[in-house]
Amino acid sequence: MLYGFTLFELFKLGGIFMWPLLLFSVIGVAFIIERSYIFLKSDLKPNNTIPKMFDNLKTKDVKKAKESLENSKKNHISDVLKTGLDMIEQDIGRMEKSMEAATTIKVKKLEKGLNVFVVLSNIAPLTGFLGTVSGMINAFKSIATAEEVSTQLVAIGIYEALITTVAGLIIAIVVVSAYNIFIHKIDNFISDTERFSNEMIETLIEQKIK
C-alpha cells in the first residue's frame, strides 16, 4: 500500500505511459542483476600474489614472479601484470602497450551493457514527463467539457501526471546509482592496474632485469 493505494491501483491511475515505464524498470533490474553477477565474479582488487611477484622480481627470479601471478585464480590485475611479464624479452615500450591492451580488453568486458543505464536514465524521466503532460491534458479536457468543475473531476488527470513523473524519476535514480557504483569499481581497477604496472616496470629497471 502507498498513500492508500496498492501498486496495481497506482499503475492504473498512471495511465498508458506506465507500460513503457514498467518495461524500462524490468530492463533496468535485469541489467543490474546481470552486471552485479559479473562484478561479483570478477576479482578486481589487488591480492597477495602481487607482493610475492615484487619480492621475486627483487631477487631477479622472473620465473617465480610469473608463477606467483599464475596462482592468482583469475585476478584481473594479476592477469594484466602477467601479460607484461610474458613480454619481458621485448623492450619496455612493448611491455607497457601489452599491459594497456590487456587492461582495455578487461575494461570493455566490464563496461558491457552499462550504456543501457545511461539510456534508461535519460528516457525514463522523459517518459514520465510525457505522462505528466498527458495527465494535464486529460485534466483540462475534463474541465472544458464539464458543466460543473470539481476536484474529483480532474483528480484522475492529476494522478496520471504525478504518478508517471514519480515512476520515471525512481527508475532514473536507481539506474544512475547502479551505473555510478559500477563505474567507480572500474575506475578503481584501472587506477590499481596502472599503479602496479608502473611499479613493476620501475622494479625491472632498478634490478636491471631489462
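R195 lies over the face of F196, 4.4 Å from the ring centre. A charge counts as over a ring if NZ of Lys or CZ of Arg is within 6 Å of the ring centre and within 35 degrees of the ring normal. This is a predicted model, in which local features need pLDDT of at least 70 and side-chain atom pairs count only at pLDDT 80 or more, while totals for chains, interfaces and linings use all residues. Residues are numbered from 1 along each chain as its sequence is written, and side-chain values use heavy atoms, with hydrogens and water left out.

The aromatic rings come next. The whole structure holds 3 aromatic pairs. Rings of Phe, Tyr and Trp (its six-membered ring) pair if their centres lie within 6.5 Å; planes under 30 degrees apart count as stacked, over 60 as edge-to-face and the rest as tilted. Two of the pairs are listed here.

| Pair | Centre to centre | Angle between planes | Class |
|---|---|---|---|
| F39 and F182 | 4.9 Å | 25° | stacked |
| F117 and F182 | 6.0 Å | 20° | stacked |

F39 belongs to helix α2 (residues 18-41) and F182 to helix α8 (residues 151-206), so this pair links parts of the chain 143 residues apart. F117, in helix α7 (residues 114-145), is 65 residues apart from F182. Helices here are DSSP runs of H or I with at least four residues, numbered from the N terminus. Ring pairs join F39, F117 and F182 into a cluster.

Are F39 and F182 buried or exposed? F39 is buried, with a relative accessible area of 7%, and F182 is buried at 5%. F117 is buried too. Buried means under 20% relative accessible area, exposed over 50% and partly exposed in between (1.4 Å probe, protein chains only).

Helices α3 (residues 49-58) and α4 (residues 62-70) have axes that come within 8 Å and cross at roughly 175°. Axes are lines fitted to C-alpha atoms, for helices over the stretch in contact, with angles from 0 to 180 degrees between N-to-C directions. The two helices are therefore roughly antiparallel, a word used for angles over 145 degrees. T49, K52, M53, N56 and L57 of α3 meet V62, K64, A65, S68 and L69 of α4, where contact means heavy atoms within 4.5 Å.

K60 lies in the loop between α3 and α4. K60 has a positive phi of about 60° although it is not a glycine. Most residues other than glycine have a negative phi. K60 counts as exposed, at 52% relative accessibility.

Technical notes:
Angles under 35 degrees count as roughly parallel, over 145 as roughly antiparallel, 65 to 115 as roughly perpendicular and the rest as oblique.
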